[in-house]
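This report describes selected features of one protein model.

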Amino acid sequence: MKEKLTELENKDIVYGVHAVTESLEANTGNKLYIQDDLKGKNVDNIKALAAKKKVSISWTLKKSLSEMTGGAVHQGFVLRVSEFAYAELDDILEKAETQDNPLVLVLDGLTDPHNFGSILRTADATGVTGVIIPKHRAVGVTPVVAKTSTGAVQHVPIARVTNLSQTLDKLKAAGFWIFGTDMNGTPSHQWNTSGKLALLIGNEGKGISQNIKKQVDEMITIPMDGHVQSLNASVAAAVLMYEVFRNKM
C-alpha cells in the first residue's frame, strides 16, 4: 500500500541506506518508509532485512520522505526508530578496563550535527572506546548525526552527562590522562599516547571552555603551515584519533 504523509514525522528517524541498514540490524527500527518508485539492489536488501526484523514497510512518495527529513538526502529510505539509547559513563569505563591504551573522546559543547556524525564515523574506524557529550548546550544524536555517521552511532557507545567537569574528575580517578587541543601545546607527532587517554574536542567556535581547560593534563597541537589558524573540529579530532590508532599498530 502506498501512503502519502502530510505531516512531519517525529524526530526519531534515521535515513539513507547505511544508517537505515545499521539501525535495522541493531533492532531499533519500528517502521520503514521506502520511496514508492524506487527499485534496485538496495531496495531488495533493505526489504529483506526489514522482513527478517519484522518491521512494517510503507511505500511513500519522494516528496513526503523529503518533508520527513527536512529536505536532506534520504536516498529513498527513512526508518522510524526507538529513542536513541545512550550508554552510561560506567559502561564506557568498564569497557576501557578490557582494552590496552583505551581512548575516550569528550566533546565539549559541539553543536554541529555533521561534525558529530563525522567524529563518530572516525571513532568507529579507529576503535575509540566511547564518546562523552554534555546534556546541555550541545548536539545529541539526531537523524542528521546518524546519517552522517553512516551507522556508526550503533557501534560506538555514547554517554550523555550532566556535568562535564565532574565527569573528567571521574575519568582521572579511573586512571585516564586528560588531553585537550590548542594552538600551543605538544606537537601531535610527539604525543605520548600510551596508557588511558581522554581527548577533549572543543566547541566549533570557542574551543574548550575555560573551566574545563583547568582540568587538562596536557595540550596537543596539530602542526600547520598554512594561512588558517585552526582545523574543523571533526578534522582535528580525526587527525588525533588516527595518531593514537597509528601508535597502537
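## Salt bridges

Glutamate 97 is exposed, its relative accessible area being 52%. Here buried means under 20% relative accessible area, exposed over 50%, and partly exposed in between, with a 1.4 Å probe and protein chains only. The model is predicted, so local features need pLDDT of at least 70 and side-chain atom pairs count only at pLDDT 80 or more, whereas totals for chains, interfaces and linings use all residues. Residues are numbered from 1 along each chain as its sequence is written, and side-chain values use heavy atoms, with hydrogens and water left out.

The structure holds 5 salt bridges, a salt bridge being a side-chain nitrogen of Lys or Arg within 4 Å of a carboxyl oxygen of Asp or Glu. One of these joins the side chains of lysine 196 and glutamate 97, at 2.5 Å from N to O. This pair links distant parts of the chain, with lysine 196 in strand S10 and glutamate 97 in helix H4, 99 residues apart. Helices (H or I, at least four residues) and strands (E, at least two) are DSSP runs, numbered from the N terminus. Lysine 196 is buried, at 19% relative accessible area.

Aspartate 90 forms a salt bridge with lysine 170, and the closest N and O atoms are 2.9 Å apart. Because aspartate 90 lies in helix H4 and lysine 170 in helix H7 (residues 164-173), the pair ties together parts that are 80 residues apart in sequence. Aspartate 90 is partly exposed, with a relative accessible area of 38%, and lysine 170 is likewise partly exposed at 38%. In the salt bridge of arginine 246 with glutamate 243, the closest N and O atoms are 2.5 Å apart. These two residues are 3 residues apart in helix H9 and are therefore separated by about one helical turn. Arginine 246 is partly exposed at 46% relative accessibility, while glutamate 243 is buried at 11%.

## The parallel sheet

An open sheet of 6 strands has the order S8-S7-S6-S10-S9-S11, with parallel pairing. Strands S8 (158-161) and S11 stand at the edges with a single partner strand each, so one side of each is left without a neighbour in the sheet. The twist averages 30° from one strand to the next. Two strands pair if DSSP finds at least two bridges between them; strand S9 (residues 176-187) and S11 run parallel and are joined by 5 bridges. Threonine 181 stands opposite isoleucine 220 in S11.

## Helices on the sheet

Helix H4 (residues 89-97) lies across strand S6 (103-107), strand S7 (130-134), S8, S9 and strand S10 (196-201), running at about 155° to S7. H9 packs on the sheet and touches S6, S9, S10 and S11, its direction making about 165° with that of S10. Contact means heavy atoms within 4.5 Å. Axes are lines fitted to C-alpha atoms, for helices over the stretch in contact, and angles run from 0 to 180 degrees between N-to-C directions.

## Asparagine 42

Asparagine 42 is placed in helix H2 (residues 41-52) and counts as partly exposed, at 40% relative accessibility. Leaving aside residues up to four places away in sequence, asparagine 42 touches Val17 and Phe77. Asparagine 42 and valine 17 are 25 residues apart in sequence and 7.3 Å apart in space, C-alpha to C-alpha.
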